[in-house]
Amino acid sequence: MDVSSASFIPRKVTSAEEAREVVAAEGAVVVTGVADEAAAVALGRRIMGERALRCGTQFEATKAGGRREAMMVDAQPADSRGRKRNFGSAEERMVAHNDGFAFGDYAPDHLFLWCERPAARGGDSFLIDTARLLDLLAADSASADLADFCRTVDIDHSEPNYPQGTYAPIARRTPSGRFQGRYHPYLAPVEGAAEAAHWAFVRRWETVVNAARDTGPMFRAQAGEMICVDNYRVLHGRDGYNDPLRKVCSIWGWSTDAVAVPDGPLDIVVPKIPLAS
């Protein structure tokens with residue numbers, strides 16, 4: 001089936017107020033004219049408004065930094081189910097994901113990607129609206145069972161060797177009423193009698209997410225632009241690139257809508273579940 005319409009190009013605005021409205025309605029927006037990293041963090045907090053609890057730069061996405069992190073992750077062992085963490089390389093098209101997926105309920109509910117310098121070639125971004133994707137699946141008799149599985153069956157959202165200790169469906173309503181739809185490459189069924197049957201659904205979800213990524217549109221963030229994302233609802237990623245000077249700051253934000261808010265720093269290389277504030 002055609003799931004390309006689940007991917008979208010966000011519109012551009014110039015103010016925090018406009019951005020807040022568009023993110024709430026459409027899942028993502030691009031704000032132009034953001035001068036520097038400090039201004040980007042401050043803008044992210046303004047977009048969350050009075051609901052803002054925490055906002056700051058989590059990491060700077062560069063080719064060199066990604067290579068260092070990937071080498072550390074490569075040294076980590078596979079888990080008991082044979083799953084092995086892999087950060088990939090800058091040259092590869094990124095796996096669609098929600099940022100902070102390793103932290104489960106403590107993942108940020110807002111994501112702000114500020115572009116300081118785009119790659120000379122490549123590195124274009126993509127966004128996938130999981131609410132739209134599930135609606136497409138539910139409307140097709142051949143995939144309605146997958147939509148139902150995603151909405152009703154608990155699975156394991158943890159990364160290899162870093163258990164989260166809780167299970168939840170791929171898609172759910174959070175306690176605040178926000179829609180949340182998740183994907184990352186380590187999703188797995190809960191171990192037990194239904195595990196083998198549930199693997200088929202998890203793999204089908206992976207297939208349709210990859211199809212939405214690879215058949216939908218991509219767009220280019222220019223210097224001084226910030227992609228603002230509902231990190232619960234929208235998956236994101238970028239195409240491969242080679243330019244060592246490309247730099248994008250990944251800024252994570254938690255609002256009063258967040259399921260849980262961490263009390264301290266988060267380490268994506270060693271993603272241990274933090275304490276709540």
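User: What links F103, W252 and W254 into a cluster?

Analyst: In this predicted model, ring pairs link F103, W252 and W254 into a cluster. The structure holds 4 aromatic pairs, and one of them joins F103 to W252.

User: Why is the pair of F103 and W252 called edge-to-face?

Analyst: A pair of aromatic rings is described by the distance of the centres and the angle of the planes. For F103 and W252 the centres are 6.3 Å apart, and rings pair if their centres lie within 6.5 Å. The planes of F103 and W252 stand at 70°, and an angle over 60 degrees counts as edge-to-face, so the pair takes that name. F103 lies in the loop between α3 (63-74) and β4 (110-117), whereas W252 lies in strand β12, so the pair ties together parts that are 149 residues apart in sequence.

User: How do you know whether F103 and W252 are buried or exposed?

Analyst: Buried means under 20% relative accessible area. F103 has a relative accessible area of 2% and W252 one of 1%, so both residues count as buried.

User: What makes the pair of F149 and F201 stacked?

Analyst: The ring centres of F149 and F201 are 4.6 Å apart and their planes are at 10°; since planes under 30 degrees apart count as stacked, the pair is stacked. F149 lies in helix α5 and F201 in helix α6, so this pair ties together parts that are 52 residues apart in sequence. F149 is itself buried, with a relative accessible area of 4%.

User: How do you know on which side of α5 the buried residues lie?

Analyst: In α5, the buried residues are L146, A147, F149 and C150. These residues cover an arc of only 160° around the axis, which puts them on the same side of α5. An α-helix has 3.6 residues a turn, so residues three or four places apart point the same way. What covers the buried residues of α5 includes α4, β6 (155-156), β7 (171-173) and α6.

User: Which elements give two or more residues to the largest nonpolar core, and which gives the most?

Analyst: The largest nonpolar core has 28 residues, of which I128, L133, L134, W205 and V209 touch the most other members. The elements that give two or more residues to this core are β5 (125-129), α4 (130-138), α5 (144-152) and α6 (195-215), and α6 gives the most, with 6 residues. Leaving aside neighbours within four places in sequence, V209 is in contact with A96, I128, L133, Y183 and L235.

User: What makes R54 count as a charge over a ring?

Analyst: The charged end of R54 sits over the ring of W254, 4.9 Å from its centre, and the distance cut-off for such an arrangement is within 6 Å. Likewise, the charged end of R246 sits over the ring of Y241, 4.7 Å from the ring centre.

User: How do you know that Y241 has a polar contact with K63?

Analyst: The backbone nitrogen of K63 lies 3.2 Å from a polar atom of the side chain of Y241, and a polar contact requires a pair of N or O atoms within 3.5 Å. Y241 and K63 are 178 residues apart in sequence and 8.6 Å apart in space, C-alpha to C-alpha. Y241 is found in the loop between β11 and β12 and is buried, with a relative accessible area of 4%. Not counting residues up to four places away in sequence, the residues that Y241 touches include T62, K63, A90 and R246.

User: Why is N231 called buried?

Analyst: N231 has 2% relative accessibility, and buried means under 20%, so N231 counts as buried. This residue is found in the loop between β10 (226-230) and β11 (234-238). The side chain of N231 reaches the backbone oxygen of D99 at 2.8 Å.

User: Why is N161 called partly exposed, and what is its phi?

Analyst: The relative accessible area of N161 is 39%; buried means under 20% and exposed over 50%, so N161 falls in between and is partly exposed. N161 lies in the loop between β6 and β7, and its phi is near 70°, a positive value in a residue other than glycine. Most residues other than glycine have a negative phi.

Technical notes:
Residues numbered from 1 in each chain as written. Predicted model: local features only at pLDDT ≥ 70, side-chain atom pairs only at ≥ 80, totals over all residues. Heavy atoms only, no water. Core = buried A, V, L, I, M, F, W, Y, C linked by side-chain atoms within 4.5 Å. Buried < 20%, exposed > 50% of the residue type's maximum accessible area, 1.4 Å probe, protein only. Helix = DSSP H or I, 4+ residues; strand = E, 2+ residues; numbered from the N terminus. Contact = heavy atoms within 4.5 Å. Arc of directions from axis to C-beta. Phe/Tyr/Trp six-rings, centres within 6.5 Å; stacked < 30°, edge-to-face > 60°. Lys NZ or Arg CZ within 6 Å of the ring centre and 35° of its normal. Polar contact = N/O pair within 3.5 Å; in protein donor to acceptor, adjacent residues only side chain to side chain.
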